[in-house]
Amino acid sequence: LKEPVKLVLLVVPTLISQTAGLIETLPKLTNNLQTFLGEHFPSLLDADSTMRQTLASIGEAIKSRGPQVVETLLGSALSIINIVILLVVVPVVSVYLLLDWDNMVAKIDDMLPRDHAPIVRQLASQVDTTLASFIRGQGTVCLALGSYYAIALMIAGLNFGLVVGVVAGLISFIPYIGALVGGALAIGLALFQFWGDWVSIGIIAGIFVVGQFLEGNILTPKLVGQSVGLHPVWLIFALSVFGSLFGFVGMLVAVPMAAMIGVFARYGISQYRESLLYRGLSDADE
């Protein structure tokens with residue numbers, strides 16, 4: 001236990017200091033962006049330029065659709081409020097559920113049909129094991145990716161690399177979002193820090209390309225797919241179907257829901273193989 005504690009004591013102060021430094025640097029980065037655009041794209045400041053007129057037309061279009069934008073922003077704000085409330089309510093509800101969990105399970109078990117109770121208990125146990133394996137596997141993937149991004153970005157010399165790596169790792173449980181957000185943040189910081197040094201910027205981008213490859217082809221199939229008993233093709237299919245049907249929330253619940261469906265599908269296949277429909281009358285007579 002001493003080594004993990006030392007590691008945490010070493011990483012946390014650095015993470016806090018880099019986060020504070022990033023917050024303090026944001027206004028300076030904004031000013032540098034304005035100066036950079038003025039130096040390298042002077043046409044943006046010329047009122048008669050094509051680019052300036054294009055941006056102006058885009059602004060007019062946005063202005064004409066202002067009410068729709070405001071409505072969308074209000075909906076997004078309400079969604080954020082709902083998420084915050086959910087983050088506050090879920091721990092409280094979880095505590096009460098943990099306190100009364102055994103009593104709740106006993107009451108539900110007492111209501112099961114006696115003839116089918118063993119099968120229901122068996123399926124519930126398999127679902128519980130599958131979901132627990134998914135959570136452990138996904139947590140391991142997030143930890144591995146966060147460590148990889150943080151270490152690789154710091155070795156590459158990117159300022160605030162530890163913060164970017166931790167953020168990318170923490171949100172890696174959302175498919176593709178972790179790499180997109182972390183990559184955009186890292187490349188944006190790299191453009192300010194290494195402008196003109198395209199090799200260093202390419203290295204930063206390459207780190208996230210390699211990370212996405214590792215996540216999609218090694219970490220998630222091995223740590224998550226095998227732990228929940230699903231083939232990588234079924235994982236991709238589940239993400240596509242649930243994502244198209246339920247959007248962002250669907251992508252979050254795609255893998256655990258597919259794992260639960262897999263438990264019931266395997267039970268249904270086993271029952272089918274034992275039925276007369278599969279075995280036939282000749283096998284039944286024997």
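**Reading helices and their contacts**

Reader: Which helix is Y148 found in?

Author: Y148 is found in helix α4. Keep in mind that this is a predicted model.

Reader: What is Y148 in contact with, apart from its neighbours within four places in sequence?

Author: With those neighbours set aside, the contacts of Y148 are I207, V210 and G211. A related distance is the one to F208: 60 residues separate Y148 and F208 in sequence, and their C-alpha atoms are 9.7 Å apart in space.

Reader: How many helices and strands does the protein chain have?

Author: There are 9 helices and 0 strands in the protein chain.

Reader: What pLDDT does the protein chain average, and which elements have the lowest and highest means?

Author: The general idea comes before the numbers. Where pLDDT is low, predicted coordinates should not be read in detail. Here the chain averages a pLDDT of 75, and 69% of the residues score at least 70.

Reader: At what angle do helix α4 and helix α5 pack?

Author: Helix α4 covers residues 117-155 and helix α5 covers residues 161-170; the two pack at an angle of about 160°, with their axes 7 Å apart. Angles over 145 degrees count as roughly antiparallel, and α4 and α5 are therefore roughly antiparallel to each other. The crossing of α4 past α5 is right-handed.

Reader: Which residues make the contact?

Author: On the α4 side, they are C142, L145, G146, Y149, A150, L153 and M154. On the α5 side, they are G161, L162, V164, G165, A168, G169 and L170. Sorted by class, this contact of α4 with α5 has 10 nonpolar, 4 polar and no charged residues.

Reader: How many of the residues of α5 are buried?

Author: Helix α5 is mostly covered, with 7 of its 10 residues buried. Those residues are G161, L162, V163, V164, G165, A168 and G169. For the protein chain, buried residues make up 24% of the 286 residues.

Reader: Back to α4, then. Is Q138 buried or exposed?

Author: Q138, also found in helix α4, has a relative accessible area of 12% and is therefore buried. Leaving aside neighbours within four places, Q138 is in contact with S172, F173 and V224.

Reader: Where does V224 lie?

Author: V224 lies in helix α7. Its relative accessibility is 1%, so V224 counts as buried. Beyond its neighbours within four places, V224 is in contact with F134, G137, Q138, V141, L219 and V255. V141 is 83 residues from V224 along the chain, and their C-alpha atoms are separated by 8.1 Å.

Reader: What is E215 in contact with?

Author: E215 lies in helix α7 (residues 198-228). E215 has a relative accessible area of 7%, so it is buried. With neighbours within four places left aside, E215 is in contact with V141, L145, S172, T220 and P221.

Reader: What share of the contacts with a separation of 6 or more comes from residues 24 or more positions apart?

Author: In the protein chain, 62% of those contacts are between residues 24 or more positions apart.

Note on methods:
Residues are numbered from 1 along each chain as its sequence is written. This is a predicted model: local features need pLDDT of at least 70, side-chain atom pairs count only at pLDDT 80 or more; totals for chains, interfaces and linings use all residues. Side-chain values use heavy atoms; hydrogens and water are left out. Axes are lines fitted to C-alpha atoms, for helices over the stretch in contact, and angles run from 0 to 180 degrees between N-to-C directions. Helices (H or I, at least four residues) and strands (E, at least two) are DSSP runs, numbered from the N terminus. Angles under 35 degrees count as roughly parallel, over 145 as roughly antiparallel, 65 to 115 as roughly perpendicular and the rest as oblique. A crossing is left-handed if the near helix is turned anticlockwise from the far one by less than a right angle, and right-handed if clockwise. Contact means heavy atoms within 4.5 Å. Ala, Val, Leu, Ile, Met, Phe, Trp, Tyr, Cys and Pro count as nonpolar, Asp, Glu, Lys and Arg as charged, and the others, Gly among them, as polar. pLDDT is the predictor's confidence in each residue, from 0 to 100. Buried means under 20% relative accessible area, exposed over 50%, partly exposed in between (1.4 Å probe, protein chains only).
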